[in-house]
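Hello,

Here is the structure I promised to pass on to you.

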Amino acid sequence: MSAYPPIGEQLDDLEDARTEGRRKMDWALQHMPILQELREQFRESKPLEGQTLGMAMHVEAKTANLVELLALGGAEVAITGCNPLSTHDDVSAALDANDHITSYAKRGVGDDDYYAAIESVVSHDPTITVDDGMDMVYAIHEDYPELIDTIVGGAEETTTGVHRLRAMDDDGELKYPVFAVNDTPMKRLFDNVHGTGESSLSTIAMTTNLSYAGKNVVVGGYGYCGKGVAKKAAGQNANVIVTEVEPRRALEAHMEGYDVMPMNEAAEVGDVFVTTTGNRDVITREDFAEMKDGALLANAGHFDIEIDLDALSDLAVDEYEARDGVRAYEMADGRRLNVLAEGRLVNLASPIALGHPVEVMDQSFGIQAVCVRELVEHGDEYDAGVHDVPDELDREVAEIKLDAEGVEIDSLTDAQAEYMDSWSHGT
Ligand code: RBV
């Protein structure tokens with residue numbers, strides 16, 4: 001078993017880091033009414049008493065507030081990052097200072113340490129896993145299957161993780177229940193659309209100091225994330241081009257007023273490329289050959305596989321850091337193609353990245369918290385496999401948010417409810 005150490009044993013300026021990490025967490029929490037409300041409830045009723053949580057997520061201020069909420073609920077928590085570049089070391093240190101939390105997350109780790117840190121989390125013998133991308137579930141099933149018997153269940157944050165889990169489930173290989181947090185309305189309609197759209201575009205703009213106005217922004221994939229990126233880019237006066245492989249999504253993008261074309265054609269005209277597909281090889285050697293000098297290439301999908309960086313490196317006669325978080329690849333004909341954040345998810349991995357806006361993560365993490373509570377309270381009612389988040393939990397979190405915002409809504413009268421449930425009403 002790995003002995004990769006917690007961040008508290010790795011930083012020199014630990015006290016300063018903890019103070020700054022705590023300051024970031026406090027700021028975020030002020031804007032997280034759902035987590036504030038659940039904190040009160042969890043602190044009071046300790047629903048997670050006796051549980052050990054193993055987490056792999058983007059360790060920054062908002063996630064840290066989720067982690068502390070779970071610890072307040074009575075759990076012991078061990079956490080590491082789910083991307084080598086998304087950790088904020090100061091926040092990781094602030095978390096690790098909590099007696100009930102051990103944080104192994106550190107920014108900039110290499111592959112070996114990244115996986116060693118996951119093993120360190122697993123060494124706490126988690127009874128519940130919380131993943132963003134499924135690395136924890138994978139490590140347990142591959143290397144520590146003896147833990148599965150005592151695991152109540154898990155929760156998965158993101159599209160790519162849910163996709164992997166469903167493939168695993170289809171093969172009969174997923175051995176405990178996992179909630180598809182990503183797929184529930186309170187997560188996907190907000191986090192994936194608004195969160196990805198805003199944080200990816202703002203991070204690209206801040207990292208490059210460039211504008212979208214009048215530019216051709218090419219969005220690879222028109223799923224929930226692609227829709228958000230396209231909509232917000234159009235809102236910043238870009239001309240949006242969408243690439244797709246799915247005919248109905250392509251048609252949706254077309255009817256939305258965007259240009260739709262194959263990537264290889266988009267490559268000729270694009271100024272900014274943002275991939276959101278979750279698949280590999282979205283921008284390839286043939287596309288680099290067509291691109292204009294100065295093109296910006298960014299990925300907003302979970303893994304760094306969407307832009308073929310090996311091919312780009314192979315084509316380049318020179319490579320250099322053009323700015324922090326921007327690597328320029330110079331082609332033989334002099335064109336410079338600029339890759340942001342090493343092709344990793346730009347909104348979290350760029351040096352100045354902060355992840356999604358606080359408000360949307362409040363919703364996503366509110367769902368995570370109630371899913372963990374549900375696993376403790378009713379985990380034995382769920383078979384091994386991927387499960388939708390129960391609708392009443394999704395509604396519970398929506399109602400907390402509406403309440404906090406002071407937004408009131410109507411409720412159905414008895415006659416309306418009866419009408420909606422009936423199939424015998426005609427004119
Ligand atoms: N995401 N987390 C943040 N903590 O700042 N920002 C985005 C954060 C999550 C988001 O929910 C998405 O599904 C996932 O990151 C992709 O890895």
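**Salt bridges**

Arg 344 is buried, with a relative accessible area of 18%; buried means under 20%, exposed over 50% and partly exposed in between, using a 1.4 Å probe and protein chains only. Its salt-bridge partner is Asp 304, with 3.5 Å between the closest N and O atoms. By salt bridge I mean a side-chain nitrogen of Lys or Arg within 4 Å of a carboxyl oxygen of Asp or Glu. This pair links distant parts of the chain, 40 residues apart: Asp 304 is in the loop between strand E11 (296-299) and helix H13 (309-315), and Arg 344 is in the loop between E14 and H14. Helices (H or I, at least four residues) and strands (E, at least two) are DSSP runs, numbered from the N terminus.

Before going on, please note that this is a predicted model, in which local features need pLDDT of at least 70, side-chain atom pairs count only at pLDDT 80 or more, and totals for chains, interfaces and linings use all residues. Residues are numbered from 1 along each chain as its sequence is written, and side-chain values use heavy atoms, leaving out hydrogens and water.

The whole structure has 24 salt bridges. One of them joins Arg 164 to Asp 135, the closest N and O atoms being 3.1 Å apart. Because Arg 164 lies in helix H7 (residues 159-170) and Asp 135 in helix H6, this pair ties together parts that are 29 residues apart in sequence. Arg 164 is partly exposed at 25% relative accessible area, while Asp 135 is buried at 9%.

Another salt bridge, between Arg 18 and Glu 15, also has its closest N and O atoms 3.1 Å apart. These two residues are three apart in helix H1 (residues 14-30), so about one helical turn separates them.

**Annotated site**

Which residues does UniProt mark as "binding site"? The unreviewed entry gives Asp 132, Glu 157, Lys 187 and Asp 191; such annotations may be inferred rather than shown by experiment, and feature names are shortened, with positions in the numbering used here. They are spread over 60 residues of sequence yet cluster in space, with a largest C-alpha distance of 13.2 Å. Asp 132 sits in the loop between strand E4 (128-131) and H6, and is buried at 7% relative accessibility.

**Backbone**

Most residues other than glycine have a negative phi. Lys 46, not a glycine, has a positive phi of about 45 degrees, and Glu 342, also not a glycine, has one of about 55 degrees.

Enjoy exploring!
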